[in-house]
Structures are given as C-alpha cells and as structure tokens.
Amino acid sequence: MTIELASAGDTEDPAAAGDRPSALDLLTQQVRDLVDAVVLTGVPQDELVEITAELAALTDRLRALRRTSRHPLAFDPEGVPRHAGNAVTGSANPYALPLVSRVTSDGTIRAELSFRQIHEGPPTSVHGGVSAMVLDQVLGQAVAVAGGAGMTGTLTLRYVRRVPYGEPLVATAEYLRTEGRKSWAEGRIALPDGTPLVEATGLFITPRLWTEGTAGSQ
Ligand SMILES: CCCCCCCC/C=C\CCCCCCCC(=O)SCCNC(=O)CCNC(=O)[C@H](O)C(C)(C)COP(=O)(O)OP(=O)(O)OC[C@H]1O[C@@H](n2cnc3c(N)ncnc32)[C@H](O)[C@@H]1OP(=O)(O)O
C-alpha cells in the first residue's frame with residue numbers, strides 16, 4: 001500500500017496539508033477501525049490475549065514522546081472552529097466521529113454523518129448522550145460562525161424518534177440571536193429526507209474571561 005502523506009510539519013495546519021492526510025490522521029482512523037473491530041470481534045480468548053499484548057506494546061511506542069501542548073484551535077475560511085483534538089470533530093482524536101461540518105449559503109451548519117455500532121445505547125439505536133454531543137457541537141459552531149462563540153450554558157433536547165446507526169444522517173444547526181454575551185441556536189439530527197430524529201436548542205455564553213482577552217480552551 002502506498003500512502004501519500006502531508007509533508008512533515010503540516011499536521012497542525014490542515015490548510016497547508018491540502019487534501020492529503022497526515023500520518024497522525026491515518027493513525028487516528030486506524031484506531032477508530034480498531035475500536036469498531038473490538039466491539040464486534042468474535043475471535044477466541046487466546047487470540048484476544050495475544051492482541052492485547054501487541055496493543056500494549058504499540059501504546060508504549062506512542063507514549064515514548066508526548067505532546068507538551070494541546071492541539072491548537074483554528075478557524076477555517078468559513079469561520080468554523082477546527083481543533084484536531086476535539087471530541088466530536090477532531091482529526092487527531094480517535095474518539096471523534098469525526099464530524100465534518102460546512103456552512104451553507106444561508107449560514108446553516110450542515111454535517112453529513114453516520115453513527116457506528118460503537119455508539120449504541122438502547123439495542124440497535126444510538127445512545128442519547130452521543131446525539132447530544134453532536135448537537136452541542138453543531139449548535140456551538142452555528143453561534144461561533146455568527147460571531148458569538150461561547151461555552152454551552154444550556155442544551156435542551158427532544159428525542160423524537162430512535163436514531164439508527166449505520167445509516168446516512170444529517171445534522172444541521174442555525175444561529176438564532178444574541179443578547180449581550182448570550183447567543184442561542186437550534187438544530188437537529190435528521191434522516192436525509194429531513195425527518196427529524198432529535199431536536200435541540202442551546203444557549204451559548206461567551207465567558208467573561210474571553211471578552212477580557214483570555215482565549216478559551218475549546
Ligand atoms: C478570545 C476569544 C476566544 C475564542 C475561542 C472560540 C472557541 C470556539 C467556540 C466554539 C467551538 C465549537 C463549538 C463547541 C461546542 C461545544 C461547547 C461545549 O461543550 S462547552 C462545555 C460545556 N459547558 C461548560 O463547561 C460551561 C461551564 N460554565 C462556565 O464556563 C460559565 O458558567 C459560563 C461561561 C457559562 C458563564 O460564566 P461567566 O462568568 O462568563 O458569566 P456569568 O456572569 O456567570 O453569566 C452571564 C449571564 O449568563 C447567565 N448564565 C450563566 N450560566 C448559565 C447557564 N448555565 N445557563 C443559563 N444562563 C446562564 C447568567 O445568569 C448571566 O445572565 P444575565 O446577564 O444576568 O442575564
């Protein structure tokens with residue numbers, strides 16, 4: 001297999017890397033595949049023991065050199081916050097879906113997504129907390145793009161229909177309004193035909209600390 005990588009040093013700057021994945025992106029995706037495989041594996045016990053030992057050795061290799069700083073926060077040209085370590089969108093975070101959002105011409109945040117079996121809560125359905133995490137992110141992006149970036153103050157959800165995994169879905173969010181440091185947004189996870197599965201409204205508050213000049217950590 002030949003893999004064309006981004007140049008060394010590009011990993012912090014997706015724009016500089018163009019469409020080519022960095023080695024860290026590829027590692028992250030491989031670990032996602034690993035997690036999926038763990039949840040679904042049926043290999044015998046002795047094989048599991050051997051694999052666990054091999055993974056422990058790989059974990060030690062990764063720990064040989066640790067980052068001394070968190071992944072930086074950047075904004076893409078449309079104003080969507082990008083953070084490689086983010087739990088929902090992070091290209092360097094195996095835990096992230098990852099969710100890739102764009103801004104439509106009317107300012108809506110839109111992300112096509114597909115949950116996996118690892119996101120299961122009730123049998124055959126996505127865990128409600130996982131849906132909430134995605135909605136927190138896209139609503140937060142909607143207010144960030146509108147200029148009101150903040151921390152979630154409240155997030156209200158209505159679980160309308162069960163959310164399936166393994167099927168294409170769409171998450172969208174729209175900025176509503178701002179009053180002082182408070183901004184509101186609404187959004188939903190829906191089937192591709194628009195049938196809503198989970199609806200959300202959220203209040204995002206720009207922390208006093210940020211307005212006093214200290215950057216947030218999100
Ligand atoms: C320099 C620029 C840097 C830019 C950086 C951009 C970052 C990128 C942005 C976006 C990324 C993409 C999207 C991400 C999406 C995910 C986001 C999350 O998951 S956030 C994690 C979960 N949320 C928390 O952990 C919050 C914890 N709470 C706090 O930090 C504070 O309590 C905070 C910021 C919410 C408020 O603290 P205060 O000191 O700034 O503000 P006070 O003066 O207490 O309140 C201001 C007003 O807001 C109300 N308020 C405060 N907390 C509230 C709450 N939880 N619910 C409702 N109202 C609340 C108050 O009653 C007050 O209202 P009245 O002005 O009197 O009308």
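**View 1. Glu 112, a partly exposed residue of strand β4.** In this predicted model, Glu 112 counts as partly exposed, because it has 13 C-beta neighbours inside 10 Å. The strand that holds Glu 112 is β4. If you skip residues up to four places away in sequence, Glu 112 touches Pro 168 and Val 170. What about Ile 189? That residue is 77 positions from Glu 112 in sequence, yet the two C-alpha atoms are 9.6 Å apart.

**View 2. Val 134, a buried residue in helix α4.** Here we move to Val 134, which is found in α4. Is Val 134 buried or exposed? The residue is buried, since 26 other C-beta atoms lie within 10 Å and the cut-off for buried is 20 or more. Setting aside neighbours within four places in sequence, its contacts are Val 88, Leu 99, Leu 113, Ala 171 and Ile 189. Pro 196 is 62 residues from Val 134 along the chain, and their C-alpha atoms are separated by 14 Å.

**View 3. Helix α4 end to end.** α4 has 18 residues, and the distance from its first C-alpha to its last is 26 Å, close to the 26 Å expected at 1.5 Å a residue. The helix is largely enclosed by the rest of the structure, because 13 of its 18 residues are buried. Just after α4 comes Gly 147, with a positive phi of about 100°.

**View 4. Helix α3, hardly covered.** Now for a helix with another kind of setting. α3 runs over residues 45-63, so to speak a 19-residue helix, and spans 27 Å from first C-alpha to last, close to the 27 Å expected at 1.5 Å a residue. How many of its 19 residues are buried? The count is zero, and α3 is hardly covered.

**View 5. The shell around the ligand.** A total of 23 residues surround the ligand, and the closest are Gly 140, Ala 149, Gly 153, Pro 207 and Arg 208. Which element gives the largest share of this shell? That would be α4, with five residues. Elements that each supply at least two residues are α4 (128-145), β5 (151-159), β8 (196-205) and α5 (208-211). By residue class, the shell splits into 10 nonpolar, nine polar and four charged.

**View 6. Where domain 1 touches domain 2.** The protein is divided into domain 1, residues 10-63, and domain 2, residues 73-211. Taken over C-alpha atoms, the centres of the two domains are 25 Å apart. Domain 1 puts 10 residues into the contact and domain 2 puts in eight. On the domain 1 side, helix α2 (residues 23-40) gives the most, with nine residues. That side is made up of six nonpolar residues, one polar and three charged.

View 7. Most residues other than glycine have a negative phi, and most peptide bonds are trans. Leu 97 and Pro 98 are joined by a cis peptide bond, with omega at about -5°. Pro 98 sits in the loop between β2 (81-83) and β3 (101-103). Thr 124 has a positive phi, near 65°, and is not a glycine. You'll find Thr 124 in the loop between β4 (109-113) and α4.

View 8. An unreviewed UniProt entry places the feature "domain: Thioesterase" at residues 126-182. In the model, the chain over residues 126-182 is 32% helix and 37% strand. The end C-alpha atoms of this stretch are 30 Å apart.

**View 9. The whole chain, for orientation.** The secondary structure comes to five helices and eight strands. Along the sequence, the order is α-α-α-β-β-β-β-α-β-β-β-β-α. Buried residues make up 26% of the 218 residues. Take the contacts between residues at least 6 apart in sequence, and 56% of them join residues at least 24 apart.

Definitions and conventions
Residues numbered from 1 in each chain as written. Predicted model: local features only at pLDDT ≥ 70, side-chain atom pairs only at ≥ 80, totals over all residues. Domains from an automatic or database assignment. Contact = placed C-beta atoms within 7 Å. Helix = DSSP H or I, 4+ residues; strand = E, 2+ residues; numbered from the N terminus. Nonpolar A, V, L, I, M, F, W, Y, C, P; charged D, E, K, R; others polar. Near = placed C-beta within 6 Å. Expected span 1.5 Å × (residues − 1). Buried ≥ 20, exposed ≤ 12 C-beta atoms within 10 Å, placed from the backbone. UniProt positions renumbered as here; feature names shortened; annotations may be inferred.
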